[in-house]
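This report describes selected local features of one protein chain.

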Amino acid sequence: MKIAIVGAGIAGIATAFELMEAGNEVSVFEQHRAAGEEASFAPSGLMWPCAINPWGATAFQQALQLGMTRPAFSELQIQGGVLSSPRRWARRQQAVAKKLRDSETLPALQSLELLAMQRMQHVQEMLDINGQFSQGLLLPLRKEPSAAALYELTRRLSAAHIDYQRCNEAETRAIEPGLATEIQIAGALHLPEAWSGNGRLFSQGLLQALQTHGLKLHTQQAVSGIQSAGHGVRLQLAGGTQDFDAVMLCAGTHTNQLLRPHHVQLPSAPIYSYSASIQISEESLAPRRAVIDLENNMILTRQGSRLRISGGAELGYPDNPERSEDARHALISVLLEWFPGCIQPSQSILQMWRGARLTVPDGLPVVGASGIPGVWLNTAHGGFGWGLSMGCAHHVRQLVMGQSTSTAPEALDLQRLR
Ligand SMILES: Cc1cc2nc3c(=O)[nH]c(=O)nc-3n(C[C@H](O)[C@H](O)[C@H](O)COP(=O)(O)OP(=O)(O)OC[C@H]3O[C@@H](n4cnc5c(N)ncnc54)[C@H](O)[C@@H]3O)c2cc1C
């Protein structure tokens, strides 16, 4: 088949790999000058297990927050009056999240993340791409959370078959010797099998490899419309139209613009978060693995010789230098509180970034038929788009090729949200 992919973020590039491997002729259309310029620019990097990523909407992620007194920066901040669309979306999200039980969402998330890791391993065996991968995740607990909260969290980890160790303070410090001695640590949960990596670096490497195998990448080519044409789909581009047998929308926050003329809607909202990436100046004092600060809802990962710390959640706020400065301050303060000495505080930040986590109310991605003949969706991955990238791409490949999927199609398609 001749297939077009709209969007060269992590999702579009992973989808290109899967569809090319299945023998299709693939073209990717990207509106920017380069791939990975939007949500895939500088994500935190957590890959597996997704269930422990605090930026999801499932009951599991709510359990991560039990017993925590959390500062304002870590909570979802919404701008707009009671009738505004951000508030309407947040109300809907809260209503869905209240009703959600892990029994409904966890199986889909877990089967998708298992598939994602299997496919990632497959890609690595074939292409050996540098993704600055690192293993292990620590959740240090600054003060003793209530016994009930810790019980609930560990119960869910066990139920989700996620291997963890409960550590006392001495064990925690042995795992991460750079942890500040001033902080009183009640203990930690250590997930030795967790993985994180640099999603942008990996997807750029994958894109280059695919181009040498015949992928056609069209940058600075915005797709302005899609329409059915005979047995296929016609793309409207600045220079005219092109026909394909099928089209994959991996267009992130722009997805609704292409769906709207067909009266199809993705009930999603872009939740904006920040990341700061900083050069490590003292390796012996730097974290060796990913760390989640549950109190501040911040994620700290290794990206080669750099650290990346991410946090914040904004809905309805435009990009604003003052808020960005506040975010920079909050992120760096927390990093220095946990790991003082690993960066030079005076050192300017290599990169400060604000990006969107496009999220639907149940927090799972939307992967499957769009309702428009020949047009498929792989989008709205919330805080999991990097970790699940290869799994979502393989899932949509199986659907397009008419093969059975390991995750039930109804668990991920757009229909479930109607
Ligand atoms: C601060 C932060 C931290 C995160 N941390 C993690 C994490 O730890 N783990 C994890 O798994 N995920 C994480 N995420 C989420 C992850 O980054 C996203 O889910 C993922 O990057 C989404 O990829 P995408 O390809 O769907 O979207 P995008 O990267 O936004 O790609 C969409 C692309 O489509 C293009 N496009 C759109 N419309 C058109 C059009 N009409 N014509 C041509 N091109 C078009 C856009 O230009 C863009 O390049 C994080 C996100 C943020 C913001």
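His-161 is exposed in this predicted model, with a relative accessibility of 70%. The residue sits in the loop that links helix H5 (147–159) and strand E6 (165–167). Most residues other than glycine have a negative phi.

Asn-297 likewise has a positive phi, of about 55°, and is not a glycine. This residue belongs to the loop between strand E14 (290–293) and strand E15 (298–303). Asn-297 counts as buried, because its relative accessibility is 7% and the cut-off for buried is under 20%. By the corresponding cut-off of over 50% for exposed, His-161 at 70% falls in the exposed class.

A further backbone feature concerns a proline. The peptide bond from Trp-48 to Pro-49 is cis, with omega near 0°. Most peptide bonds are trans. Pro-49 is placed in the loop between strand E3 (46–48) and helix H2 (59–64).

**Cysteines**

How many disulfides does a search of the whole structure find? The search returns 0. For Cys-50, the closest cysteine sulfur is that of Cys-392, at 8.8 Å, which is too far for a bond, because a disulfide requires sulfur atoms within 2.5 Å. Cys-50 is buried, at 3% relative accessibility. Cys-167 is buried as well, with a relative accessible area of 9%.

| Residue | Relative accessibility | Class |
|---|---|---|
| His-161 | 70% | exposed |
| Asn-297 | 7% | buried |
| Cys-50 | 3% | buried |
| Cys-167 | 9% | buried |

**An antiparallel sheet**

An open sheet is formed by 3 strands in the order E9-E10-E11, with antiparallel pairing. Strand E9 (223–229) and E11 stand at the edges, and each has a single partner strand, so one side of each lacks a neighbour in the sheet. From one strand to the next, the twist averages 25°.

Strands of a sheet pair through backbone hydrogen bonds. E9 and E10 are paired in the antiparallel sense over 6 bridges, and Val-223 has Leu-237 in E10 as its bridge partner. Strand E10 (residues 232–237) is joined to strand E11 (residues 240–244) by 5 bridges, also antiparallel. Here Val-233 has Phe-244 in E11 as its bridge partner. E10 and E11 form a hairpin, with 2 residues between them.

Technical notes:
Residues are numbered from 1 along each chain as its sequence is written. This is a predicted model: local features need pLDDT of at least 70, side-chain atom pairs count only at pLDDT 80 or more; totals for chains, interfaces and linings use all residues. Side-chain values use heavy atoms; hydrogens and water are left out. Two strands pair if DSSP finds at least two bridges between them. Helices (H or I, at least four residues) and strands (E, at least two) are DSSP runs, numbered from the N terminus. Buried means under 20% relative accessible area, exposed over 50%, partly exposed in between (1.4 Å probe, protein chains only). Axes are lines fitted to C-alpha atoms, for helices over the stretch in contact, and angles run from 0 to 180 degrees between N-to-C directions.
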